2 protein chains.
Amino acid sequence: MARRSDHSRAELEALILDEGHRQMAETGFARFSAREVAKRIGYSIGTLYNVFGSYDRLILAINTRTFQLWAAHLRARLAEDGEDRIKALVEGYFSFARGNPNLWMAIYDHRLPPGTPMPEEFAAQRAELTDIVIAEVAAALPADAREKAAGLARSLIATVHGHCLFALNGTFLLMGESDPFGAALQRVRDSMAAA
Amino acid sequence: MARRSDHSRAELEALILDEGHRQMAETGFARFSAREVAKRIGYSIGTLYNVFGSYDRLILAINTRTFQLWAAHLRARLAEDGEDRIKALVEGYFSFARGNPNLWMAIYDHRLPPGTPMPEEFAAQRAELTDIVIAEVAAALPADAREKAAGLARSLIATVHGHCLFALNGTFLLMGESDPFGAALQRVRDSMAAA
DNA sequence: GCTCGCAATTGATCACTGTTCAATAAAAAT
DNA sequence: ATTTTTATTGAACAGTGATCAATTGCGAGC
């Protein structure tokens, strides 16, 4: 199929990641197939396993890429709208998930085998996104409440996440909720005001 | 394997559901196997498909049972503690999920094929749980804010859900959050006070 | 009591999945 | 030109959900 010198190791890894990410975006986690990825880039399954070691590591790599795109999306939203930065964050959370539902859900659909710790690379990626929010929450809080920022930010992420998830998975539709974003933003405002 | 008269149709359905529910609790959605359920109750896969029609319908039936147990759990919590009913609700949400992580996550791990509407039976079950919360939120709100109860309740469910999910899937651990329940309850208090 | 028809039950079969690893092909080193 | 090292392969394995012709067993009618 593929010549040995067609791609270096790094190029091959990028090739698989590109196609895997594309396929995750198209089909979603439940229908994702490592075999199909291999087929589409013209390599065998064996090569894919040589490069990534296991299915879990491939998914982890794909989700890490999604996290990077998500963080960039949030930063772009923050940069383009200097006015209400908290609103920009909530809006960025929603718009990325809505624009990339399969990729976004794959982050939470995939779970490592029990006992397996999250590799450092991925953990760092998550921390980065959390830190963006912590910094903004701290800046928006009155000076005497700054020490609460980290804990509050984590809690607000969970709050927005719950709304975003219900918006994408159909729960809010079933409940008759028509403005998930508005509701999430209002909850965030409630708690920022209380702090 | 199994004699025809061993079980009536209704008994057989209950038998499959019992074993399926048990297995979902033990192994979780990702490792759940319809074949294994059939094997354990001494029937063939074919029979299981004759009774439930498809994998999706079996999972739906299992998840519906989980929803019933969950609603009962919430009602029990409300009944045993008359003091702070909102806290009892949040506590009931968390303790059911923590006590039955695989069953609880299966509700959200399973997604119907795109375009397939949720069968009425399951939709009604969800609505029941939502209605419990709406009633309690309405009762805890000042009389002049009652009309906001339904929308606020939906939003608070999403809020608590986000915290509960992050507690179970390890996100909060990664973030360094040690008291997800306390954080969820605080967010609910913030928004109840603001309403 | 026997037979026959109908409905419940079966499990081989299909097309797929992730995973492994001896065999092979190709490049590098000698 | 030959050997060594390395990348690549794909058949094989154990599993999955799904299907459906063939079988089995029950009960009604004779």
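Colleague: Where does Y55(B) sit?
Modeller: Y55(B) is in helix 4 of chain B, residues 55-80. Helices here are DSSP runs of H or I with at least four residues, strands are E runs of at least two, and both are numbered from the N terminus.

Colleague: Is this an experimental or a predicted model?
Modeller: This is a predicted model: local features need pLDDT of at least 70, side-chain atom pairs count only at pLDDT 80 or more, and totals for chains, interfaces and linings use all residues. Residues are numbered from 1 along each chain as its sequence is written, chains are lettered from A and ligands numbered from 1 in the order written, and side-chain values use heavy atoms, leaving out hydrogens and water.

Colleague: Back to Y55(B). Buried, exposed or partly exposed?
Modeller: Y55(B) has a relative accessible area of 28%, so it is partly exposed. Buried means under 20% relative accessible area, exposed means over 50%, and partly exposed is in between, with a 1.4 Å probe and protein chains only.

Colleague: What is Y55(B) in contact with?
Modeller: F29(B), F32(B), A34(B) and Y49(B), leaving aside neighbours within four places in sequence. Contact means heavy atoms within 4.5 Å.

Colleague: And how far is Y55(B) from A183(B)?
Modeller: Their C-alpha atoms are separated by 37 Å, and the two are 128 residues apart along the chain.

Colleague: Now A183(A). Which helix is that in?
Modeller: A183(A) lies in helix 10 of chain A, residues 180-194. Its relative accessibility is 11%, so A183(A) counts as buried.

Colleague: What does A183(A) touch?
Modeller: H163(A) and S155(B), not counting residues up to four places away in sequence.

Colleague: How do the two chains relate, then?
Modeller: Turn chain B by 180 degrees, with a shift of 0.0 Å along the axis, and it lies on chain A with an RMSD of 0.0 Å. That is the relation of a two-fold axis. The copies are superposed by least squares on the C-alpha atoms of residues with pLDDT of at least 70 in both.

Colleague: Why do we say the copies meet through the same surface?
Modeller: Because 100% of the interface residues of chain B are also interface residues in chain A.

Colleague: What is chain A built from?
Modeller: Ten helices and zero strands. The C-alpha trace of chain A spans about 60 × 40 × 35 Å along its principal axes. Of its 195 residues, 47% count as buried.

Colleague: How many residues of helix 6 of chain A are buried?
Modeller: Seven of the nine in residues 101-109, so helix 6 is largely enclosed by the rest of the structure. Among them are W104(A), I107(A) and Y108(A).

Colleague: What do those buried residues pack against?
Modeller: In chain A, helix 1 (9-27), helix 4 (55-80), helix 5, helix 7 (120-140) and helix 8. Helix 8 (149-169) of chain B joins in too.

Colleague: How do helix 5 and helix 8 of chain A cross?
Modeller: Their axes come within 10 Å and cross at roughly 30 degrees. Axes are lines fitted to C-alpha atoms, for helices over the stretch in contact, with angles from 0 to 180 degrees between N-to-C directions. The residues of this contact divide into nine nonpolar, two polar and one charged. Ala, Val, Leu, Ile, Met, Phe, Trp, Tyr, Cys and Pro count as nonpolar, Asp, Glu, Lys and Arg as charged, and the others, Gly among them, as polar.

Colleague: Which residues meet there?
Modeller: On helix 5 of chain A, V90(A), Y93(A) and F94(A) are among them. On helix 8 of chain A, the list includes I157(A), V160(A) and L168(A).

Colleague: What else does L168(A) contact?
Modeller: Its contacts include P101(A), W104(A) and M105(A). At 25% relative accessibility, L168(A) counts as partly exposed.

Colleague: How many residues are in the largest nonpolar core?
Modeller: The core has 84 residues. A nonpolar core is a set of buried Ala, Val, Leu, Ile, Met, Phe, Trp, Tyr and Cys residues joined through side-chain atoms within 4.5 Å. W70(A), W104(A), W70(B), W104(B) and V137(B) have the most contacts inside it.

Colleague: What does W70(B) touch?
Modeller: Among others, F96(B), W104(B), I107(B) and L129(B).
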